[in-house]
Amino acid sequence: MTVQTTLAPELLRIFERQTKLCDDLEAVADSLPNRTDRQFCLHLARQIGPLLKAAHDIEEKHLFPAIIEAHGGGAELVERLRLEHIEDECFGEEVQHELMQLGQGRPVLAPEATGYMLRGFFEGMRRHMRHELELMGQPVRPAA
Ligand SMILES: [Fe+2]
C-alpha cells in the first residue's frame, strides 16, 4: 500500500500537539513518585479533554474522508478509529482526574498504578496516531 498524501496543516499541527501531550505525560510518569511537578500535572490535566476533542474534530474533518478515499474498506477502518477516539476520551477523563488529584497533592492511586495508567494512555495514543499516519502513507516516528 503506497498512499502518500499531503496532510492538511491543521492536521499536522494537531498531531504535533498530541505527540507533545504524550511526551509530557511520559515525563510525569518518569517523575513519579518524588520528582513530580504538581503545577505541571494540573496544567496537563486541563489540556487533555479540550485537546482530544479538538483533535478528534479535526480528524473527522480532514483525516477520515481522506482515509475513506484512499483505501478500499476505508469506511470500516474509520469506524475502528472512531471507536478508539471514544475509548481515548473515556480513558482521558480518568487520566485527567488522577492528574488533578496529583496536582493537588491528593493522589488517589499508588504511584506505580498512576504510572501504569499514564503509560497505558499515552502508549495507546501513540499507537493510534502511528496507525493513522501509516494509513496516510506518512513517515512515522519510531516506536518509543
Ligand atoms: Fe485519531
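This is a predicted model: local features need pLDDT of at least 70, side-chain atom pairs count only at pLDDT 80 or more; totals for chains, interfaces and linings use all residues.
Me: What spacing do the donors of the iron ion follow along the chain?
Reply: The spacing is E-x25-H-x42-H-x3-E. E59 is in helix α2 and H85 in helix α3 (residues 74-103), so this pair ties together parts that are 26 residues apart in sequence. Helices are DSSP runs of H or I with at least four residues, numbered from the N terminus; strands are runs of E with at least two.

Me: Which atoms are the protein donors, and how far are they from the iron ion?
Reply: They are E59 (OE), H85 (NE2), H128 (NE2), E132 (OE) and E132 (OE), at 2.0 to 2.7 Å from the iron ion.

Me: Is E59 buried or exposed?
Reply: E59 is buried, at 0% relative accessibility. Buried means under 20% relative accessible area, exposed over 50%, and partly exposed in between, with a 1.4 Å probe and protein chains only. H85 is also buried, with a relative accessible area of 4%.

Me: Where does helix α2 bend?
Reply: Helix α2, residues 38-70, bends by about 45° at E60. The bend is the angle between axes fitted to the seven residues ending at a residue and the seven starting there.

Me: Changing topic, which residues touch the most other members of the largest nonpolar core?
Reply: L25, I67, L99 and L118 do, in a core of 35 residues. Such a core is a set of buried Ala, Val, Leu, Ile, Met, Phe, Trp, Tyr and Cys residues joined through side-chain atoms within 4.5 Å. At least two of its residues come from each of α1 (9-31), α2, α3 and α4 (111-135). The largest share, 10 residues, is supplied by α2.

Me: What is I67 in contact with, beyond its neighbours within four places in sequence?
Reply: I67 is in contact with G74, L77, V78, L81, L135 and M136. Contact means heavy atoms within 4.5 Å.

Me: And what about I14, with those neighbours again left aside?
Reply: I14, in helix α1, is in contact with L51, A54, A55 and I58. The C-alpha atoms of I14 and I58 are separated by 7.8 Å, although the two are 44 residues apart along the chain.

Technical notes: Residues are numbered from 1 along each chain as its sequence is written. Side-chain values use heavy atoms; hydrogens and water are left out. Donors are N, O and S atoms within 2.8 Å of the metal (3.2 Å for Na, K and Ca); water is not among the atoms, so sites may look incomplete.
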